[in-house]
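Please keep the sequence and the coordinates open while reading.

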Amino acid sequence: MKFITVDTYAELSRKAANIIAAQIISKPYCLLGLATGSTPIGTYDNLTKMYEEGDLDFSTVTSVNLDEYIGLDGSNDQSYRWFMNHHLFDRVNIDKAKTFVPGGTVADLAAEGAAYDARIKELGGIDLQLLGIGLDGHIGFNEPDTFFTGETHVVDLHPSTIEANARFFNDISEVPTKAITMGMAAIMQAKKVLLVANGPKKKEIVEKAFFGPITPEVPASILQLHPDLTIIFSEQE
Ligand code: F6R
């Protein structure tokens, strides 16, 4: 595990973008695992700048996102598909047909999960997975539980996650209570994992997850078993 502490969010974002750019440059036909949430926004801004300046080419990149809310389709501005289009895909030369987000409005969610995992396998597995971390230790939407789940599956969001995500909605009652998320198998099988955590409010959970016991009660703690894990933590928000 490589644990990098930086002072500012700007530095976190620059460093994370440099690692992702290095991945794309060294393997242009790569599969990137991407995350939403507020932390990666600065990373996506830096990647966009690199593209605009002619230093990065996304045309051969394929991506798979971690998760999506149940009940929101891509035209809803709270959906994670919309978030990715807005913060990255519409700003760079990635082929949108090669960007995948689990479907939150399909009738058969179990089949959607199985198909998502099969697609990741067919694509040769994830080369680099970008992750944030929830205040309760979730990665993707793998919430604290008594066991780790391997496959892409539907979850009930934890009250603290609903509360944390309410800042993106007009009212907490509008926050979906369920999501479909990639499970631990695809995340742990990624060749590299890069986790970004921003500011003092994430300090306690970062310490628990990476310096405490490995337990499904702190889902991110499973990453201690990953052979190529980089964490970037910024002291200030
Ligand atoms: C997002 C995701 C979540 C977030 C986590 C942290 O796709 O899977 O696990 O990474 O909730 O969110 P922020 O960055 O908003 O603190």
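## Ligand site

A polar contact is a pair of N or O atoms within 3.5 Å; within protein, one of them must be able to donate a hydrogen and the other to accept it, and residues adjacent in sequence count only if both atoms are side-chain atoms. A backbone N or O atom of Ser38 is 2.8 Å from an oxygen atom of the ligand, while polar side-chain atoms lie 2.6 Å from a ligand oxygen in Asp67 and 2.9 Å from a ligand oxygen in Arg167. Of the 400 Å² of accessible area that the ligand has on its own, the protein covers 94%, with areas taken from the Shrake-Rupley method with a 1.4 Å probe and, for residues, only the protein chains shown counted as cover.

The ligand is surrounded by 14 residues, and the closest are Thr39, Asp67, His138, Gly140 and Lys202; a residue is near a molecule or strand if one of its heavy atoms lies within 4 Å of it.

## Basis of the model

The model is predicted, so that local features need pLDDT of at least 70 and side-chain atom pairs count only at pLDDT 80 or more, whereas totals for chains, interfaces and linings use all residues. Residues are numbered from 1 along each chain as its sequence is written, and side-chain values use heavy atoms, with hydrogens and water left out.

Helices (H or I, at least four residues) and strands (E, at least two) are DSSP runs numbered from the N terminus. In α3 (80-87), six of the eight residues are buried, a term that means under 20% relative accessible area, with exposed over 50% and partly exposed in between (1.4 Å probe, protein chains only). These buried residues are Tyr80, Arg81, Phe83, Met84, Asn85 and His87, and they pack against β2 (31-34), α2 (41-52), β3 (62-65), β4 (67-69), β5 and α5 (159-165), where contact means heavy atoms within 4.5 Å.

Leu34 belongs to strand β2 and counts as buried because its relative accessibility is 3%. Not counting residues up to four places away in sequence, Leu34 touches several residues, including Met84 and Phe89; the C-alpha atoms of Leu34 and Phe89 are 11 Å apart, although 55 residues separate them along the chain.

## Val92

Val92 sits in the loop between α3 and β5 (99-100), and it is buried because its relative accessibility is 8%. Beyond residues up to four places away in sequence, Val92 touches Thr48, Tyr51 and Phe58.
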